[in-house]
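I opened this model to look up two interfaces. My notes follow, in the order I took them.

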Amino acid sequence: MPVISLSVNGIPVTAEVEPRLLLSSLLRDHLGLTGTHVGCDTSQCGACVVHVDGKPVKSCAMLAAQADGTQITTIEGLAQKGKLHPMQEAFRDNHALQCGFCTPGMVMMSVALATEQPDLDEAAVCKGLEGNLCRCTGYQNIIKAVMAGAKAMRG
Amino acid sequence: MEKYGIGQPVRRKEDVRFLTGTGTYIDDIKPDNVAHALVLRSTHAHAKILGIDGTEAENMPGILGIVTGKDWIAEDFQPMPTKSAVNKKIDGTPLNQPPRHALAIDRVRYVGEPVALIVAETVSQAQDAAEAVEVDYEELEAVTDQVKALEPGAPQIWDDIEGNFCLDFELGDKEETEKAFKGADHVIKLDLRNQCVTATPIETRGAIASYDKDTGKYFLQNATQNVHANRDTFAGVLKIPSEDLHHVAPDVGGGFGAKNSGYPEPSLLLYASKKIDRPIKWISDRNESFAADTHGRDQATTVELALDKDGMFLGLRTKTIGNIGAYCWTVGPFTPTGGSARTQGGPYYFPAMHYTGIAAFTNTMPLDPYRGAGRPEGSFQIERIVELAARELGIDPVELRRKNLMPADSLPRKTPMGLDVDTGNFPEVFERTLKMSDRAGFAKRVADSAAKGLKRGFAIAPYLECTGGGPKEFAGVKFARDGSAALRVGSMSTGMGQETSMPQILSDRLGIDFDKITYVQGDTDATPIGGGHGGSRNMEVGGSAVLQCANEVLVKAKQIAAHLLNSNADDMELSEGVFTDVKTDQSVSMVDVVAASFEQSRLPDGMEEGALDTDTIYEREIISCPNGCHSAEVEVDPETGSVNVEHMWVVDDFGTIINPMLADGQVMGGIAQGLGQALMEEIIYDEDSGQLVTGSLMDYALPRADSMPKMEMAFFEDAPTAKNPLGVKGSGEAGCCGAPPAIVNAVLDALKDDGVLHIEMPLTSEKVWRAIAEAKAG
Amino acid sequence: MYEFEYHQPKTLEEAAKLFADADDPQFMAGGQTIIPVMKQHLAMPSDIIDIGRIADLQGISVDGDTLTIGAMTRHGDVAGSDEVRKSIPALSDLASHIGDPAVRNRGTLGGSIANNDPAADYPAALVALGATVYTTSREISAEDFFTAMFETALEDGEMVVKVTFPVPEKAAYEKFPNPASRYATTGVFVARTGDGVRVAVTGAGACVFRQSDFEKALDTDFSPPALDGISVSADGLNSDLHASAEYRANLITVLAKRAVKHAG
């Protein structure tokens with residue numbers, strides 16, 4: 001079985017993994033980081049988005065073995081010292097979540113969007129969230145939150 | 001500073017855990033020594049099971065057991081009876097109800113029906129074994145359309161139920177309605193469908209069952225909206241007393257009705273967990289959920305509207321054939337009958353109405369409530385026929401609606417469907433929506449669209465709906481010495497935010513620090529009864545229970561305060577957490593009162609330590625009537641037929657608003673699901689084979705961020721209902737009622753010059769393109 | 001997923017040897033197709049050979065009138081590349097509409113074309129631009145590369161190394177996405193080069209194809225009205241849940257006109 005070494009939320013991890021183990025399962029089942037959710041089988045929903053080397057990736061469509069040598073950030077790694085990340089704060093302020101199930105993927109994707117395009121507009125947010133489904137909010141508050149979060153991240 | 005009272009947009013307590021990935025959904029729970037289950041499902045729409053051979057599978061690595069229908073029947077487990085409130089045919093005989101077992105016994109009747117449960121050490125092992133189980137099927141002809149199912153010669157799904165007929169139902173005055181139609185100047189008729197859709201919460205279903213052989217009790221953790229009712233269902237299946245099953249819902253990732261049902265899987269897991277003496281977990285995958293989560297809507301309807309020469313409505317006649325799938329599910333037969341009947345006619349004044357509904361069996365996954373359960377269907381029916389009448393009679397659709405709305409002074413009124421409409425002001429709500437919609441700028445926007453080769457349309461759709469679900473609800477509060485309070489409620493949030501809004505009510509009434517209120521829901525051990533979630537009942541019934549509970553606490557708290565101040569309870573006034581004697585101006589804080597409630601020496605005679613702890617049950621007498629109005633502006637690309645919903649304006653009358661931020665969220669979420677139904681969502685079965693065609697998110701389209709219009713919302717708060725002490729009317733399902741007709745009618749408005757009169761939902765780009773082409777061809 | 005062996009070769013030679021030695025091997029690039037397919041038990045390779053990290057397969061470069069993209073270049077990197085944007089903006093635009101941002105951070109050009117999904121975007125670009133596919137053993141013109149639905153000219157064990165694109169005078173891609181999957185219900189790539197105009201259609205047939213009657217008309221007059229009056233036959237086009245052949249035929253015309261307009 002492949003042995004992989006990676007960093008998850010800044011913590012070094014070495015693990016022997018079954019080849020068929022998905023990155024999402026490594027995080028959830030082996031590392032207990034259950035904030036990363038799995039909502040579909042076909043890469044549409046985006047609840048499983050994490051950052052791999054700073055880029056948003058669907059962790060249910062990546063083998064754990066492929067993550068060897070990478071730096072992973074999950075939703076659990078976003079808040080620092082008990083203080084919510086500005087994007088998390090913006091989601092809360094704007095009521096951009098209801099059941100919360102899509103939220104981790106939605107927030108991780110939004111942080112990546114705002115990092116890549118600090119001055120993004122609503123159209124860019126909509127396009128950027130193309131691979132993240134939410135069934136509760138109707139998206140309007142998510143879009144508002146991403147705009148606000150991006151602004152806060154700019155400082 | 002944030003304020004926490006009723007009416008404040010309080011940020012949610014639950015958000016912090018959801019945003020940091022520390023929520024606990026069913027799949028996040030991992031009991032020690034847990035085994036994993038997979039449900040082997042029928043690959044046929046209709047077939048006899050000649051035999052199941054699990055010998056090879058049973059011997060595969062990690063396999064702990066396989067349960068088939070034969071095993072199930074041998075245990076004498078019971079079927080799950082329907083709880084449909086409409087359960088008699090028009091002739092008074094009971095509805096035709098086949099036994100619904102947790103596993104197919106000797107015949108499968110829809111693709112996805114559970115055939116066996118496979119339990120293994122790991123999910124992968126169970127999957128591997130599933131492919132080794134040999135099920136010998138003899139295929140039978142299938143029918144998946146309810147209209148065809150009722151035709152002579154249709155495949156018969158049940159041997160002892162003739163013609164796939166479950167029940168029929170009528171409401172209203174048939175004779176009066178016939179008279180109205182005879183005397184009418186105009187009769188407009190339309191055949192339409194509310195297509196089959198599915199709720200698709202982003203969290204799929206799942207459950208973990210275990211059995212404690214020392215206590216003889218079962219424990220079920222389940223992604224459900226309704227722990228109490230489903231506990232009783234599962235206990236009934238297993239023939240155990242309800243007290244022996246502790247049923248808990250952890251954080252639930254959306255429900256929208258589809259997690260309300262008594263599904264087969266939990267009973268299977270409970271049984272198997274006892275048998276192997278280990279906890280067992282089952283998580284549905286997404287593709288499985290399309291086949292095995294309940295579906296919704298699916299009604300084929302003929303609606304007729306009678307008008308006089310001035311365009312005043314005289315009568316409405318609706319005939320619906322609803323698909324309920326292969327079985328009577330939890331309340332499936334209710335939706336196309338009673339559920340769709342009550343709000344017929346919407347907010348319009350009708351002298352006469354008559355509704356007929358038939359529930360028919362087909363070879364599809366059974367249907368159960370989906371957000372609105374009958375009211376969105378009714379709202380779509382009335383708004384489509386009114387729009388068509390306006391078009392056919394050459395009347396402005398806004399004007400036709402305006403003149404037929406129930407006048408404010410006609411309320412309270414009992415509609416011909418028996419719906420008790422107590423408060424509201426439909427014309428006011430309608431005019432406010434219209435005003436928000438910037439009608440003055442419409443002509444310019446039409447011209448701008450035309451310059452881009454696009455067609456723009458507008459429509460307005462007022463709606464009237466009603467609440468539902470269980471009428472009784474429990475609320476209980478237990479205090480601690482430090483002034484904190486633990487609130488327990490039997491209603492249930494699957495994302496709507498009751499963890500915030502219920503404490504808001506308690507904090508508002510008792511002046512308790514909002515942050516010191518904890519909240520428990522979805523636990524059969526925590527509350528003696530509970531109606532869970534459904535029918536927009538949470539705030540109406542659950543919130544009222546909390547208010548009643550708070551009021552009962554307040555009576556006792558005043559007595560304690562008065563005792564501490566040597567005055568009379570009647571002179572106590574509570575403001576911002578402090579009781580003041582109106583006569584002496586002496587005061588004592590609620591925190592002190594709570595502390596005193598734990599010290600016998602500080603309590604008045606007759607009270608004991610913990611005296612403030614209060615349990616109460618509230619019972620609703622009459623359902624309330626949320627209402628409102630949606631309007632939509634859309635752009636249609638005639639070359640491709642694609643529709644872009646640009647803008648929606650909404651005014652809702654939900655009575656008292658507890659938390660406007662959360663109420664807005666309910667409206668927008670409902671609009672998104674309504675937009676999905678209007679434009680893209682549809683569960684499709686292959687007509688011949690009965691196979692599910694839309695079996696994954698690759699084929700079943702959901703709205704995305706870029707599908708949504710700009711939404712502007714406002715509340716009409718001048719007409720709280722007196723039917724409950726909070727004055728609330730329920731907000732959860734309204735968006736689904738208003739959005740589909742507003743969007744569909746706006747598209748048809750955009751295409752009016754093309755002569756397009758009707759397009760069936762969903763208005764996919766191809767359907768719109770075809771409608772334009774066909775209208776052109778004449 | 002069924003069990004399989006996983007390998008992560010560092011060189012093409014190593015990858016080829018692993019492939020030759022395995023029972024039923026499968027190359028994996030970004031994994032955005034094969035992983036979901038395996039999850040649904042629709043494929044059971046004995047060995048997955050992950051070629052995503054082979055250095056020789058990376059990179060984007062421009063040399064004169066030729067843009068070269070390494071097979072393992074991710075869609076997001078193509079979309080974000082200045083070289084691509086400057087030389088063939090239509091290609092950068094196409095890449096930015098594949099899947100979604102997360103998928104684009106894993107999926108690769110080589111993986112996409114080797115899979116040859118009939119609704120994939122890249123095949124239209126390769127065929128319209130007259131690209132050349134360089135493999136571990138030869139060079140193949142794009143038209144010869146895509147042979148049938150999910151079929152290419154690649155032999156067993158042969159890998160795509162890079163693709164070269166001649167820089168066109170003008171080009172544009174228009175896609176009508178499937179509302180559920182966001183694959184192309186139909187997509188049309190139009191390119192004008194010194195050799196004439198090429199129009200390639202994806203999503204509408206079993207495999208990418210050229211719309212030669214459009215090409216002729218646009219050779220004479222590169223403007224949307226040039227396509228007026230040419231009716232696209234629905235014969236042989238895909239008809240499925242999402243779109244009938246007739247509707248796809250209509251989309252081919254509409255999208256081609258829009259692409260011509262967009263190309264300017």
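**Entry 1: between the two domains of chain C**

I began with buried area, the accessible area (1.4 Å probe) that two parts lose on being put together, summed over both. Domain 1 of chain C and domain 2 of chain C bury about 850 Å² between them. Carbon and sulfur atoms carry 73% of that area.

I noted the bounds: domain 1 of chain C is 5–50 and domain 2 of chain C is 58–263. Such bounds come from an automatic or database domain assignment. The domain centres, taken over C-alpha atoms, are 26 Å apart. For contact (heavy atoms within 4.5 Å), I found nine residues of domain 1 of chain C against 15 residues of domain 2 of chain C.

Next I looked for salt bridges (a side-chain nitrogen of Lys or Arg within 4 Å of a carboxyl oxygen of Asp or Glu). By class, the side of domain 1 of chain C that touches domain 2 of chain C has six nonpolar, three polar and no charged residues. Here Ala, Val, Leu, Ile, Met, Phe, Trp, Tyr, Cys and Pro count as nonpolar, Asp, Glu, Lys and Arg as charged, and the others, Gly among them, as polar.

**Ground rules**

I am working with a predicted model: local features need pLDDT of at least 70, side-chain atom pairs count only at pLDDT 80 or more, and totals for chains, interfaces and linings use all residues. Residues are numbered from 1 along each chain as its sequence is written, chains are lettered from A and ligands numbered from 1 in the order in which they are written, and side-chain values use heavy atoms, with hydrogens and water left out.

**Entry 2: chain A against chain B**

I moved on to the chain pair. Chain A and chain B bury about 4100 Å² between them, 55% of it on carbon and sulfur atoms. A:Arg92, A:His95 and A:Arg135 supply 22% of the area that chain A buries against chain B, more than any other three residues. The contact takes 44 residues from chain A and 53 residues from chain B.

How many salt bridges cross the interface of chain A and chain B? The rule finds five. I picked out one of them, A:Arg28 with B:Asp27, at 3.4 Å from N to O.
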